[in-house]
Amino acid sequence: MAESTFLDSTELVLNMGPQHPSTHGVLRVILRLDGEKIMGTDCVIGYLHRGVEKIAENRTWTQFAPYVDRMDYLAAVSNGLGYCLAVEKLLNVEAPPRAQVVRVILTELNRIASHLVWLGTHALDIGALTPLFYVMREREAALDIFERYCGARLTTHAFRIGGLQYDLYDRFETDIKAFCDMFLPKVDEYEELLSENRIWKGRLVNVGVLTADECKEYGVTGPVLRAAGVEWDIRKALPYSGYDKYDFKIPTARNGDTYDRYIVRLEEMRQSVRIIRQAVEDIPEGPIMAKVPKVIKPPVGEAYVSIEAPKGELGYYVVSDGSTQPYRVRVRPPSFINLQALDRMARGGLVADIVAVIGTLDIVLGEIDR
Amino acid sequence: MGEEQNPEGSAPLSGDSASQQKPAAPPAKPAPPKPPPKAPAVMATTPWEDELTALLQERFGDRITGFYTYLGQEFLTAQPEAVPDILEFLKLEADFDYLVDITAVDWPKRERRFDLVYVLYSFARNHRIRIKTEIAEGERPASAVPVHLTANWLEREVFDMFGIEFEGHPDMRRILLPEEWQGHPLRKDYSILQQDTQWVRENLGIESGQ
């Protein structure tokens, strides 16, 4: 009797990645296929593992701050904010009002920059080449402001434990207002290009559906959760850095499919502009650093602090043994936990949809692997 | 960095420098004021009491060993075998339906060396709490996957980094490191320069990754 070959089986195993343009980094997905239908997926991650949490235990609290920028490198400002807030919580200090407002402005600007990269690459994966060039043009303007403020564009290390290192440069307010005026019409432009496009809708509507209950079971947060109809945003639920002072909406949608997540993220960019405009109108005068000791030695204790990063809940669980070095820094990365839902979203769909589903999760492998 | 010194931290220093500036001061002078008491070496927690703790206390009794607050954040400590029951109870009867995170902390000098930490959130209550439990080396705590699906990868990461195996986990494999890797890097006795040299040699064809 002849030995059975793969032709006798209806199931085909297909390896995707780790070097694949639409996995947004080095992600390997093993797909089990029946014809074109996905029967199951298995993610292989860790290619970018650098041991960030181990490094933290071998640096001082201050020295570790620049390392967090290198996790979600598209949203370095958010990472830095979360870490600073966590250490400030341990020290029981709060950044002065001026520093808080500047933090809000830069973090929201970074949210826009991060969403822009998502939009461009997601559209590119689906086959729409043009938006990528448009979003990179606008993102450039945001990165220019980071550069003028702190000298770096990507891994900004913009904040310090207790406040800011640099005060604002002279034309900061003008630059920010000019960016907002320039940017809002661009969001309409993206919508004009994509929202009613037949191919775009054909590839996105009812693809990768994740209901609200499934989101909660998988711990999925951020725009993915909101697209499933849950009006939950840490900036509103557990406000930090003075977000409660600003008037903004939490955009939600109902179906929890890939198209809804696109709509939610576009609206989030508009809301970010709204926050920035309110914040820049009212930057209080005063110090930019709270009274923190030069050598940071938080008392023995622990804290969990999280912020609404562009991808979802970014949490830091920090433990101090009273010395100058962290005893433990645990990062709760939104991308890592959101990626776990990939199997549920892709199963039963077509093999072509896996690209749309990975794109819509907006993952950054630097943050997943740490 | 801020220019100012923490008043508590600077108090003993300024006392020292004052005595150095006047070395010839007569010994009859009154002793300098005592430095403020040092920060305690244990976490300065306060008890946590509300209707939720009363509910849990009634349901679990001795299996929950304490309710604490630190910096306005609430957590409870429990016996390891009680944790899945507590998670299930909190999910079904107290709306804590979102398991935010599972992680561990290594305290090698302690008899039960690991702290397992569960972070929970309730959308309905807008409340976040933590559950902490102590695990000894080689002990196999029960998996939380039957209660919260998100525990799957989180527990795999704890296993990968600390070597804590979860009983009843559907897929107890490493997640970030290669499957054949020896050692668990986030243990305190794993040096930052340490690596699995044999794995590096066999798979990367180099003597060292450093």
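I began with strands S1(A) and S4(A), residues 28–34 of chain A, which are joined by six bridges and run antiparallel. Strands here are DSSP runs of E with at least two residues, helices are runs of H or I with at least four, and both are numbered from the N terminus. Two strands count as paired if DSSP finds at least two bridges between them. I looked up one bridge: A:Leu12 has A:Leu33 in S4(A) as its partner.

I note that this is a predicted model, in which local features need pLDDT of at least 70 and side-chain atom pairs count only at pLDDT 80 or more, while totals for chains, interfaces and linings use all residues. Residues are numbered from 1 along each chain as its sequence is written, and chains are lettered from A and ligands numbered from 1 in the order in which they are written.

I then followed the sheet in chain A. Three strands form an open, antiparallel sheet in the order S1-S4-S5. Strands S1 (11–16) and S5 (37–44) of chain A are at the edges with a single partner strand each, so one side of each has no neighbour in the sheet.

I turned to chain B and its strand S5, residues 114–122. Seven of its nine residues are buried, so S5(B) is largely enclosed by the rest of the structure. Buried means 20 or more other C-beta atoms within 10 Å of the residue's own, exposed means 12 or fewer, and partly exposed lies in between, with C-beta atoms placed from the backbone. Eight bridges tie S5(B) to strand S4 (residues 98–106) of chain B, antiparallel, and B:Leu99 stands opposite B:Leu120. Nine bridges tie S5(B) to strand S6 (residues 127–135) of chain B, also antiparallel. There B:Phe114 has B:Ile135 as its bridge partner. Four residues lie between the strands of this hairpin, where B:Asn126 has a positive phi near 50 degrees.

I checked helix H5 (residues 197–204) of chain B as well. None of its eight residues is buried, so H5(B) lies largely in the open. B:Gly205 follows H5(B) and has a positive phi, near 70 degrees.

Last, I looked at where the chains touch. Which numbers of residues do chain A and chain B give to the contact? Chain A gives 41 residues and chain B gives 37 residues, two residues being in contact if their C-beta atoms, placed from the backbone, lie within 7 Å. Helix H1 (52–57) and strand S8 (301–309) of chain A are among the elements that each supply at least two residues to the side of chain A that touches chain B.
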